[in-house]
Amino acid sequence: DDVAYNQIGARLYEFFDDPGKDPEMQTALEKIRGDYYAASLADYYRDHLSLDVIAEAYHCDLTTIKRNKKRLCLQLFQMLQ
């Protein structure tokens, strides 16, 4: 899981730097758009907000954000295989 999580994290950083370069990632992100925590990925990877700031914005604890970020990243990894 950690390898997949790290690979998707790196790919998300690249995607948010230049969204046009990775249409597969765009499609995968659109598929998870309905998830309550999906926007937290953009907050983290595009806007470079800390997990603490994101947790405060979602009115939840840090563990909840970490857990859902990892869940969504692994879900993206599965979609992109």
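Predicted model: local features only at pLDDT ≥ 70, side-chain atom pairs only at ≥ 80, totals over all residues.
Helix 4 can be read in the same manner. Helix 4 runs over residues 51-58, and within it Leu51, Ile54, Ala55 and Tyr58 are buried. Because they cover an arc of only 100° around the axis, these residues sit on the same side of helix 4. The face of helix 4 that is turned away from this buried side carries Asp52, Glu56 and Ala57, which are exposed. And which helices do the buried residues of helix 4 pack against? They pack against helix 3 and against helix 5, the latter spanning residues 62-79.

Let me move on to the loops, where the backbone deserves a careful look. Helix 4 is followed by His59, which is placed in the loop between helix 4 and helix 5, and His59 has a positive phi of about 55° although it is not a glycine. With a relative accessible area of 74%, His59 is exposed. A further histidine to look at is His48, in the loop between helix 3 and helix 4, and there phi is positive as well, at about 60°, although His48 is not a glycine. His48 counts as exposed, at 53% relative accessibility. There is also a glycine to mention, Gly20, which has its place in the loop between helix 1 and helix 2 and is exposed, with a relative accessible area of 65%. If you want a distance across the model, Gly20 and Phe77 are 57 residues apart in sequence and 19 Å apart in space, taken from C-alpha to C-alpha.

Now to the charged side chains. How many salt bridges does the structure hold? The structure holds 5 salt bridges, and I will take some of them in turn. One of them joins Asp2 and Lys70, with the closest N and O atoms 3.3 Å apart. Asp2 lies in helix 1 and Lys70 in helix 5, so this pair ties together parts that are 68 residues apart in sequence. Lys70 itself is partly exposed, with a relative accessible area of 29%.

In the pair of Asp22 and Arg11, the closest N and O atoms are 2.7 Å apart. That pair links distant parts of the chain, with Asp22 in the loop between helix 1 and helix 2 and Arg11 in helix 1, 11 residues apart. Asp22 counts as buried, at 13% relative accessibility, whereas Arg11, at 23% relative accessibility, counts as partly exposed. Arg11 also forms a salt bridge with Glu24, and here the closest N and O atoms are 3.2 Å apart. With Arg11 in helix 1 and Glu24 in helix 2, the pair ties together parts that are 13 residues apart in sequence.

My last step concerns empty space. Rolling a probe the size of a water molecule over the atoms shows where such space is left. In this model, the largest pocket holds about 240 Å³ of space. It is lined by 14 residues, of which Phe16, Leu29, Arg33, Ala38 and Ala42 are the closest to its centre. Where does the lining of the largest pocket come from, in terms of helices? Helix 1, residues 2-17, helix 2, residues 23-31, and helix 3, residues 39-45, each supply at least two residues of that lining. By residue class, the lining of the largest pocket divides into 9 nonpolar, 1 polar and 4 charged residues.

Technical notes. Residues numbered from 1 in each chain as written. Heavy atoms only, no water. 1 Å grid on protein atoms, 1.4 Å probe; cavity = no way out; pocket = protein on both sides within 12 Å on 5 of 7 lines; lining within 4 Å. Points joined across faces, edges and corners; volume = space filled by probe spheres on them. Helix = DSSP H or I, 4+ residues; strand = E, 2+ residues; numbered from the N terminus. Nonpolar A, V, L, I, M, F, W, Y, C, P; charged D, E, K, R; others polar. Buried < 20%, exposed > 50% of the residue type's maximum accessible area, 1.4 Å probe, protein only. Arc of directions from axis to C-beta. Contact = heavy atoms within 4.5 Å. Salt bridge = Lys/Arg side-chain N within 4 Å of Asp/Glu carboxyl O.
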